[in-house]
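Please look over the sequence and the model below.

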Amino acid sequence: TDGDTRVLAVEVQEGERVRGTAIRVDMAPGADTLLATDLVEIATERGLVERAVSEPEALTRAFADYLRTVGYVDPKIRVAPPRYEGDRADVGVTVDPGVLLRLGAVRYAGTVTLPLSEVEQAAALVTGAPYEVSALDAARDRVGELYRRKGFAQATVSYRGEMSAPGLRDVLVQVEEGPRQVVGTVVVAGNAGVRTDVVLRALGR
């Protein structure tokens, strides 16, 4: 080679191939330690444990999304560099879930026909409970089912939350009842061997 050319030699030592990955979740001081079990289960179910070394950001997103759905505000997740022991990689994850958001006042709008107490009982939302999106979705579905059972086939139910105080979020449950469908005249036919009045009683008529 001439004086202007340099050669870079790179030597690669492969070492031992990693054949297994494990994660360890450490919660911040004062945090609910049961959350660590939930997070490990999520990582396992979604196949994120095996990807923790190559895709730590996927683990971070999944943990943050879960914590938000169960009511935590601004969770912080840090995935540490892996530690290798033989053919095994251990990945430590530090989790600070942040402030647990709780359910504030619950209000209802659009409940024109059915008694409010009946709608509240179906929703079963309790002030002070964790602000969980899954619980609110289930409450919305229960109220919708109540209206459908009462003849409101086109009823729609939605909700929205807004901060009312630090750590509290109020919820407005909005109902659009739509028209109520009622059964008019009932004609019984083909009831050989069974009296018509028996059939009508069974139908609640």
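## Basis of the model

This is a predicted model, in which local features need pLDDT of at least 70, side-chain atom pairs count only at pLDDT 80 or more, and totals for chains, interfaces and linings use all residues. Residues are numbered from 1 along each chain as its sequence is written, and side-chain values use heavy atoms, with hydrogens and water left out.

The largest nonpolar core holds 24 residues. A nonpolar core here is a set of buried Ala, Val, Leu, Ile, Met, Phe, Trp, Tyr and Cys residues joined through side-chain atoms within 4.5 Å. Buried means under 20% relative accessible area, exposed over 50%, and partly exposed in between (1.4 Å probe, protein chains only). Ile 23, Val 25, Leu 59, Phe 63, Val 93 and Val 95 have the most contacts inside this core. At least two core residues come from each of strand 1 (20-27), helix 1 (34-45), helix 2 (56-69), strand 3 (76-79) and strand 5 (88-96). Helix 2 gives the most, with six residues. Helices (H or I, at least four residues) and strands (E, at least two) are DSSP runs, numbered from the N terminus.

What does Val 95 touch, leaving out residues up to four places away in sequence? Its partners are Val 25, Asp 26, Met 27, Ala 28, Leu 39, Phe 63, Leu 67, Lys 76 and Ile 77. Contact means heavy atoms within 4.5 Å. A second core is separate and has 20 residues, including Leu 101, Ala 139, Val 173 and Val 175.

## Helix 1 against helix 2

Helix 1 and helix 2 pack at about 130°, with their axes 10 Å apart. Axes are lines fitted to C-alpha atoms, for helices over the stretch in contact, and angles run from 0 to 180 degrees between N-to-C directions. The two helices are therefore oblique to each other. Angles under 35 degrees count as roughly parallel, over 145 as roughly antiparallel, 65 to 115 as roughly perpendicular and the rest as oblique.

Helix 1 passes helix 2 in a right-handed crossing. Right-handed means that the near helix is turned clockwise from the far one by less than a right angle; anticlockwise is left-handed. Helix 1 brings Leu 35, Asp 38, Leu 39, Ile 42 and Ala 43 to the contact, and helix 2 brings Leu 59, Phe 63, Tyr 66 and Leu 67. By class, that makes eight nonpolar, no polar and one charged residues. Ala, Val, Leu, Ile, Met, Phe, Trp, Tyr, Cys and Pro count as nonpolar, Asp, Glu, Lys and Arg as charged, and the others, Gly among them, as polar.

## Helix 3 against helix 4

Helix 3 (residues 116-123) packs on helix 4 (residues 133-149) at about 135°, with axes 8 Å apart. This pair is therefore oblique. The crossing is right-handed. Glu 118, Val 119, Ala 122 and Ala 123 of helix 3 meet Ala 139, Arg 142, Val 143, Leu 146 and Tyr 147 of helix 4. The contact has seven nonpolar, no polar and two charged residues.

## Loop residues

Asp 74 is in the loop between strand 2 (72-73) and strand 3. Its phi is near 55°, a positive value in a residue other than glycine. Asp 74 is partly exposed, at 48% relative accessible area. Ala 124, in the loop between helix 3 and helix 4, has a positive phi of about 55° although it is not a glycine. Ala 124 counts as partly exposed, at 48% relative accessibility.

Pro 81 is in the loop between strand 3 and strand 4 (83-85). Pro 81 is exposed, with a relative accessible area of 60%.
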